Each structure stands twice: as structure tokens, then as C-alpha cells.
Amino acid sequence: MNTDTISVGIIGCGVIAPPHIESFRSCEGVEVLAVCDPQVEKARKLADQYGIPRVAASLEELLAMDGLHAVSVCSGHAEHAAAVTRAAEADKHVLCEKPLATHGEDLDALEKLERDFPALVFEGVFQHRFDACYRFVREVVQHGHLGPLLLIDAHLSCHRSRDYYLDSDWRGRWETEGGSLLINQAIHFLDLVGWVGGGVKSVNAVTRNLAHENLIETEDTAVLSMELGSGALGSFHGSSGSHRKWSSRMHFVGTDAEIIVEDGRVASVLARSEALAGELRTGAEELEEATRLASVKSHYGPSHPRMIADFIDSIRRGRQATVPFAEARKAVDLVLAAYRSCREGRSVTLEETD
Ligand SMILES: NC(=O)c1ccc[n+]([C@@H]2O[C@H](COP(=O)([O-])OP(=O)(O)OC[C@H]3O[C@@H](n4cnc5c(N)ncnc54)[C@H](O)[C@@H]3O)[C@@H](O)[C@H]2O)c1
């Protein structure tokens, strides 16, 4: 594709749509041509707020618009697979929010789109893969600077209120959200555990609904233990019933050094020698500085703009996206395996399909 303007449509005008719109608009030569939502008043309001020229009340109406090159899927979980498929069939590049889908067979079908439509770019949103701190940690782990990796431990405390579930009724139900804490909030950190740890081979999970009883069907609290592809072990524990809005912590432990990332920043580096600790700290600071972007500030982290710039660059250069669907499905496969582990009370390997 040449450098002419790339026109984008936003599918779903809820909470996550504004960071997408702002990120697209911060890319040179990109316009948000239209927003689409069956609750058309939400689409109109967003269009007015951002001066977006067109509004669609249905996917068909959006996809029929002349000059539309790409779409961003920002609807509820159960809508993703159909929206992505129809957009691909209409010859549009597709960025899709996490999770790609809520069932294994839909994940297979979406991954197949990448083979069936090789001229299109498909990218799944995992914006934290673009956060400077996690890119730094992955690089030093891959170069062996922590020594052999032993353990990745991830923790998330967050607050999901009664209104959060009442405002959008797809949330909190197995059929429409596909789970809650794990598939919606924790999935970011589960993705990072696998990305840094060489994939996840098996998972043992216990989940509970402890703080949202009588409100949601799904889980709000979970503990997972994992065997990682690198040979290290992984763990996750978290809850969306906490009073804290959003607080994450990841601890990467090697034989020679350990890095703790808190709320997206390297909080501490501990190493066998002061020289190694100093090198790691300097590296973390340099990478953070080099990748700083003076654009959208969001409590979803700083990296939606980076991820969306990557999607646009992939379209312009005709290259594969940094997080193609084959990658973006991995954390969803892990979450589905975790739910199965919990249902069946046993460890589940990632080869077992749901
Ligand atoms: N990456 C992140 O950090 C992050 C943060 C928040 C939400 N999300 C994800 O973004 C997605 C949307 O979440 P949200 O909180 O914005 O939800 P929301 O309920 O606020 O908004 C979803 C919107 O999609 C609309 N919709 C439903 N079916 C549609 C269809 N067929 N076509 C077009 N629009 C349709 C709904 O009417 C609603 O307005 C979810 O996948 C969620 O997990 C990601």
C-alpha cells in the first residue's frame, strides 16, 4: 500500500474506543472515517466529540463505505470473531481488541484468516508488549543476563464495580464475556508471562467468584501455576474485587538477577553483583527514554499508540504485524486451558483443545 491516507473505522463505541481513535489520529496520514455501534446514539456522540465524518448503525453499513481501508474491533468479546471475519471478507485490514475470541474453534478460524487473506494485516491488541519495561525484560531474559530463568510471578489487584457490570451487560456472563478476571483483565499479564517465558506448556488453576456474588456468573479471583516453555515456572494470582483501581506487579527471577516491574515501570533490580545490577538499571532507563511517546495518556498504559502505529506501519509496508493473530491467540488458549483446569480439577496442557 502506498503512503496515501489510510481510512479507519471503529467497531464499538464504548470505553476503549477513545484510546483507539486518539492513537489512530496521532499517526501521520491516517483518518478515522467512521464509527459504528448498534447503539447508534453512542456512535453519534463519539463522532461529534472527535469530529469524525461518518456514523454507521451496523457492521454491514460500515463495511460498505467507500474508501475504508481498515477497522478496529472494540466491541464486546462475543462479537469479535464475527466482526473480524466479515471485515476480512470485505477486504479490510483488522486490529482486534483482546481477547480475539472466547472459544477455541473461533480462534482456529481467525488464525486461518491470516493464511486465507495474505494481503491483509491482522493484529491482536496486547499493548503491553510495546511497553518499554516488558520489552527490556524480554530482551535481557533472551540474552541470558538474568542467568537461566527460574520463575515469573504475576499479580494483579483491580476494582471492577457494580456499575462496570451494569453499564455493559455483556460483561460478567459466560456466554458473552467468556469469563471475567482471567479473560478480560489478567489476560494482559498472562500474555506477558508466556511472551517472556517461552510460551506456556501447562496450567493448573483455581478460580472463584468472591466479591461479585449475585452480580456476575464468572470469576473475579484466580490463582494459576504454569510450566513455561523455557523450563521455568510461572504463577499468577489476582482479583478484580480489590479496592485498588489497577495495580500490577511482575517478578522475573533468574539465577543471577531479578527484576520487579510494578505498574509498568521497573521498580527494582537485584543482582548477584553490583556491576550487573548497574548495567541492568541503565539499560532499563535508556529503553524507557528511547520509546517514550508524547501522545495519549491512558490508564490502559502508554502503549495503545505504539501498538496502533505498528498496525499502520504493517499496512504501509505490507509486512506482518508485530502481534499477528497466531500470537494474540496464545494468551486466550492459556485462559481457556485455565478454565478447563478449574472445571476438571487437574493440570491441563496447552495441546488439549477446548
Ligand atoms: N486493551 C485494553 O487495555 C482494554 C481495555 C478495556 C477494554 N478492552 C477491550 O475492548 C473491548 C470493548 O470493551 P469496552 O469496555 O469498550 O466495552 P463497552 O461495553 O464499553 O463497549 C462495547 C461497545 O460495542 C458495541 N457493540 C456491540 N456489538 C457491536 C457490533 N456488532 N458492532 C459494533 N459495535 C457493537 C456495544 O453497543 C458497545 O457500545 C473488549 O474486548 C475489552 O476486553 C481492552
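**Entry 1: Lys330**

I located Lys330 in helix α12, residues 325-344; helices are DSSP runs of H or I, at least four residues, numbered from the N terminus. I note that this is a predicted model, in which local features need pLDDT of at least 70 and side-chain atom pairs count only at pLDDT 80 or more, while totals for chains, interfaces and linings use all residues. Residues are numbered from 1 along each chain as its sequence is written, and side-chain values use heavy atoms, with hydrogens and water left out.

I looked up the exposure of Lys330: its relative accessible area is 46%, so I class Lys330 as partly exposed (between 20% and 50%, 1.4 Å probe, protein chains only). I found its side chain in polar contact with the side chain of Glu327, at 2.6 Å (N or O atoms within 3.5 Å, one able to donate a hydrogen and the other to accept it; residues adjacent in sequence count only if both atoms are side-chain atoms). Leu100 lies 230 residues away from Lys330 in sequence, yet 9.8 Å away in space, C-alpha to C-alpha.

**Entry 2: the two domains**

I recorded domain 1 as 6-127 + 307-323 and domain 2 as 128-294 + 331-349, with bounds from an automatic or database domain assignment. Their C-alpha centres are 26 Å apart.

I then examined the interface. Contact (heavy atoms within 4.5 Å) joins 19 residues of domain 1 to 19 residues of domain 2. I counted seven residue pairs in polar contact between the domains, both residues at pLDDT 80 or more. On the domain 1 side, α5 (104-116) and α11 (304-317) each supply at least two of the touching residues.
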